[in-house]
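Work through the exercises below with the model open. Each one gives a task and then a solution in steps.

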Amino acid sequence: AVKADDSEFLEASFLVAPALESSGMDKFDKIVLKDAKGSGFALRVARVEIRPSDAAAETPREVAEVYSKTEGGSPAISIRSWLPGDANVDDADVEGGPEAVALRSLENFKSRPRCEEYGAPVERSRISDASLKEPSGFAASRRYEGILWTHQDRDTDPYLYAVIASTGEVVSKIYVDTKKYGETDWEDIAVALCPDGSGDHCVWIADSGNVARDRETFYVHVMKEPTLERWGKIEAHQVWTFPYQFPQGFHASEGDQRPWVDVESMMVSPDGSRLWLMEKTVNSNGRGPVTVWQTPVGSGPKDLVSRDDDNILRDVTRRGRDAARENPSFVIQVELANKIHNPTVREHAASLRADAFDPPLSGWARDKYQNELSSFNWNKLRAITGADLHPSGRSFVACTYSGIWEYPLPKPYDLTEIGRPKLLSLTAKLDDAYWQTEAVAYGANGKEIFLASEYYKGHQPIRHFGCRSELEGSLE
């Protein structure tokens, strides 16, 4: 139904097939209705459905979302229906209403088993797009099996890339409309349920870099996992942006300025209720300490979305710091969850094996590992540059420029207690294409790890850790 004036609504239907035929397309992802001036219609939706030209030939399929404009001009979801037909969902998944769908999605997400021991890392593929030179984060898609979401490091346009892990092919490059306020230093990415309780999966992007030491407010952008299309765009009104700040007086700072904290690692709870942010630091000759931050109880993403009646979080996407300044109650004041030390290779020297690398190390690198490790200065390479939380909440994987580590969590989804890290792989500067790793993620099945570095500068290799028990079982 389309609103004709302040009191009357007219029933309307739209023929899509002619538009698809004229454009040479065979399918669509969304329909945007505009009047002659380009403004959005106000909608009162009783039912939205997609019917074939022969109405009896197919059961109508409901679309996912319909947006209408409010009085203030900001888009708002006027109705939410079920997922599009190309999503991985069957009829049983929509029984019981949105709350039941969200609960089943969460249970499915968290049920992934952990791997007790990983095999040696091997190269799985190389990223096909040579312009994707600095992948700064990985996240395994839950909507598309085998897809990794990634993005570039600072000083680049805000593009989200979808990469097939097994082949390296970039199948989707999507512009995310978050650059209007001029702050883009994306450092990490995650996939978790959306914070609106819908049960959909969302991509979470940390705009958290602070190398220039000139930022006091940072952002986490959250959007529904997009449809794969070669070139796409996510509009600002489709993105929740959560601004956050660090507490004053924590690190030494001048006057009333907030402390300088550079974050390159973000983790998200499966239900989207909490964020964790991990500092990148080389203080104390590489030791740290590394501060770990979390969103406080009552001020997490789901809490803010539940009380965002005026679409403030969408407005922050459009205007950044100005919108955050005007709405201080929506700026998350993160709290300290823990302090840990950067991992050191020297503590684990006895477990290193030079023959674990594929392709093999060169002669000089092999000699270094076998004979010179005790005298090699790894301090500058110890900083944590990326992390991902296991779906079960029992561990997280972290990458440094010198190695890949897995940290056990005694209490699931609780980073106030973090166990001793286990070294999974070592990298060699100037020899190993993975030494400058910043992108790391568990696979969606929970039993594998993917990583890539910023060092190779074009057609980046994707390295893979498989679960040793499954690797051995495949040889039987």
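**Exercise 1. Find which side chain makes a polar contact with that of Thr227, and describe the setting of Thr227.**

Step 1. The side chains of Thr227 and Arg143 are joined by a polar contact of 3.4 Å. A polar contact is a pair of N or O atoms within 3.5 Å; within protein, one must be able to donate a hydrogen and the other to accept it, and residues adjacent in sequence count only if both atoms are side-chain atoms.

Step 2. The loop between strand 14 (218-224) and strand 15 holds Thr227. Helices (H or I, at least four residues) and strands (E, at least two) are DSSP runs, numbered from the N terminus.

Step 3. Thr227 has a relative accessible area of 15% and is therefore buried. Buried means under 20% relative accessible area, exposed over 50%, and partly exposed in between (1.4 Å probe, protein chains only).

This is a predicted model: local features need pLDDT of at least 70, side-chain atom pairs count only at pLDDT 80 or more, and totals for chains, interfaces and linings use all residues. Residues are numbered from 1 along each chain as its sequence is written, and side-chain values use heavy atoms, with hydrogens and water left out.

**Exercise 2. Give the strand order of the open sheet of five strands.**

Step 1. The order is 8-9-10-11-15, and the pairing is mixed. Two strands pair if DSSP finds at least two bridges between them.

Step 2. Strand 8 and strand 15 (231-234) are the edge strands, each pairing on one side only. From one strand to the next, the twist averages 25°; axes are lines fitted to C-alpha atoms, for helices over the stretch in contact, and angles run from 0 to 180 degrees between N-to-C directions.

Step 3. Four bridges link strand 9 (residues 147-152) and strand 10 (residues 159-164) in the antiparallel sense. Opposite Ile147 stands Ile164 in strand 10.

**Exercise 3. Is Ser128 buried or partly exposed?**

Step 1. Locate Ser128 in the loop between strand 7 (122-126) and strand 8.

Step 2. Its relative accessibility is 38%, so Ser128 counts as partly exposed.

Step 3. Ser128 and Val163 are 35 residues apart along the chain, and their C-alpha atoms are separated by 8.6 Å.
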